[in-house]
Amino acid sequence: MLAFFVRRLVQAALVMLIISVIAFSIQDNLGDPLREMVGQSVSEAERQALREEMGLNDPFLIQYWRFLKKAVQGDLGTSYFFKRPAVDVILDKLPATLELVFGASLIIILFSVPIGVFAAIYPKHWFSKLAMGVSIVGISIPVFLTAILSIYIFSVELNWLPSFGRGETVEIFGGWTTGFLTRDGLVHLILPCIALSSIMLPLFIRLIRAEMLEVLESEYVKFAWAKGLSPNRVWFLHALKNTLLPVITVGGVQIGTLIAYTILTETVFQWPGMGFLFLEAVNRVDTPLIIAYLIVVGLIFVITNTVVDLIYGLVNPMVKLARPQGGDD
Amino acid sequence: MSLLEVKNLEVRFAMRKEELVALRDVSFKVEKGERLGIVGESGAGKSVAAFSILNLISKPGYISAGEIIFEGQDLTKLSPQQMSQIRGNRISMVFQDPMMTLNPVLTIGTQMTEALHAHQDISKEDAKQRAIETLAQVHIPSAATRFDQYPHELSGGMRQRVVIAIALITKPPLIIADEPTTALDVTIQAEIMDLMMELCRTSEVGLILITHDLGVISQMTQRAIVMYAGRIVEEGDTKDIINDAYHPYTHGLMDALPQKTTPGQRLNQIKGVMPALSSIPDGCAFNPRCPLVADICRTTIPDYSNIGSTRVACHKAAPRGS
Ligand SMILES: Nc1ncnc2c1ncn2[C@@H]1O[C@H](COP(=O)(O)OP(=O)(O)OP(=O)(O)O)[C@@H](O)[C@H]1O
Ligand SMILES: [Mg+2]
């Protein structure tokens, strides 16, 4: 288990290194950082001097090495627009985005597992057929359309739910603001979370159903029936555990995709998160902020994947392959 | 009263276009502590027959006629709850491939004790005790360690011993084993067969043993059934089936045994193949492959006739060589 853990950590570090190279190389392609900093009024000679002083004329690798050294200390440069460390600007918005992703994941898990499992156990039931039909439609509707439609129905027409911002939040620890603890905050979370979960939910329902159908046909499930176990034990222990193994892996990757989709969702709902901030940063060519966003998101992605892999390792006994295989015959 | 009496069993598969008959008019008995073998080529219906006893036929199969009387009650009339009290409790099964039979994510111990908990009011400690005893009974070394291991930590032969232990743990009067050694190495096959033989003898457990191998049948069983295309074509005491069979299909199976072939020569396989369920020929299903075929064989399904201990369905039934 320790070897597995170490291997996974090394992998994660490698991935982060690659992300940092990519993020750093974007810098040169996003226009001249000097112009952003000093404006047009400075003479060409002064510019050159400044360039030399800032090390912008150094070879790529040396510049990257400098960037990396600062980056591991949590310094990703200063946002041109906010005039504050880019990491701080991003981290201010991190809770809003993570709570959105968390809410959407919660919706996905709470609905996809029961619906997918039900549809596999009772494939001919009208509800299963309905769920499969709706999920096909759901996959093909883009997130922004779901978002706008839900705003139109629940905010504009019915006036049940707010469609704008986070509502009332409270600070819990270390500057983390949460909307989960106030009624207003929760109400504000509903529509954005539903919109964000809308493509992934049908995907997971279908995935879980397909996996479960396959597992139900397996010999070991047949053998479990032959032992005279209760249907609940066969379905929810023997079959479900094996169904969820591949789903956990896919789920880890999809959380990353979910973060990518927050850019869209946050824009539609004016959600004050990292995605919204990122779009603004792109508009303002705020390079340090863009790079900081990419690296923070990359880090979240790598962390979730590593955690998911570790969970997978805990659930799946076959991952502990460090021990030699038995063979006594 | 027999332990098990299957009467005129018919099993169908409700396919989209048509109903396929997988078993027709299958009748046989198993006495208490008796070992019965079922042979036949692939597709003969051996597995369907075995699984239909516990109503575990895979979809879209169902029992369309007949009775399965076990310990005096007709299993075809039981509710699902009543049926699950028979499964794994009064009748256990051993499947073909031990690599697939055990659940990869549950420990050996869990998979053993759950069978006990499903059928008996037994404490966790007692169940564990019973499981370890049963593992020792099937000659698994360091049984207590195995209890906490996962299937992938055991070799194929060991896993089949575990499966047999699971089948035995509730002390059922009947075990159905569907080709329990086909997936194993040849050297381990004999060990597993010896083990099953020993266990059935010492505990007076009845056994239905399905196999391709007439050699195994002759070593293991007291009575034998030969199946072809969903029908029993010959049934009798094992020694009579082996030595004095009447059906040309049984003769064909005997001739195909490697021991009957001169070394270096090809095996004397029966020409042709078992028909698919959708294209079973009229008359005797075996007629296109039969060396003794006559006109009547192509039109009329042969009835059973009794000759000594044997029951045979063949218009041309005759002992070997005549
Ligand atoms: N689920 C199913 N749907 C349709 N046909 C089936 C199904 N299961 C079995 N059959 C058919 O029933 C017939 C008997 O199959 P069965 O599995 O009992 O053969 P078998 O004698 O056990 O063969 P083998 O030695 O290969 O295990 C075959 O023709 C097979 O194609
Ligand atoms: Mg079979």
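**View 1. Contact between chain B and chain A.** In this predicted model, 35 residues of chain B are in contact with 24 residues of chain A. The two chains bury about 2,700 Å² between them, and 59% of that area lies on carbon and sulfur atoms. Of the area that chain B buries against chain A, 23% is supplied by V105(B), E114(B) and H152(B), which is more than any other three residues supply.

**View 2. Polar and charged pairs across the interface.** The count of salt bridges between chain B and chain A is 2. One of the salt bridges joins E114(B) to R233(A), with the closest N and O atoms 2.7 Å apart. Across the interface of chain B and chain A, 10 residue pairs are in polar contact, with both residues at pLDDT 80 or more.

**View 3. Elements on the side of chain B that touches chain A.** Two or more residues each are given to this side by β6 (91-94), α3 (98-101), α4 (108-119), α7 (156-168) and α8 (186-203) of chain B. The largest share, 6 residues, comes from α4(B). By residue class, this side of chain B divides into 18 nonpolar, 11 polar and 6 charged residues.

**View 4. An open sheet in chain B.** Four strands of chain B, in the order β2-β1-β4-β5, form an open sheet with antiparallel pairing. Its edge strands are β2 (19-30) and β5 (73-74) of chain B, each of which pairs on one side only. Strands β1 (residues 4-14) and β4 (residues 61-70) of chain B pair in the antiparallel sense over 8 bridges, and V11(B) stands opposite I63(B) in β4(B).

Conventions
Residues are numbered from 1 along each chain as its sequence is written. Chains are lettered from A and ligands numbered from 1 in the order in which they are written. This is a predicted model: local features need pLDDT of at least 70, side-chain atom pairs count only at pLDDT 80 or more; totals for chains, interfaces and linings use all residues. Side-chain values use heavy atoms; hydrogens and water are left out. Contact means heavy atoms within 4.5 Å. Buried area is the accessible area (1.4 Å probe) that two parts lose on being put together, summed over both. A salt bridge is a side-chain nitrogen of Lys or Arg within 4 Å of a carboxyl oxygen of Asp or Glu. A polar contact is a pair of N or O atoms within 3.5 Å; within protein, one must be able to donate a hydrogen and the other to accept it, and residues adjacent in sequence count only if both atoms are side-chain atoms. Ala, Val, Leu, Ile, Met, Phe, Trp, Tyr, Cys and Pro count as nonpolar, Asp, Glu, Lys and Arg as charged, and the others, Gly among them, as polar. Two strands pair if DSSP finds at least two bridges between them.
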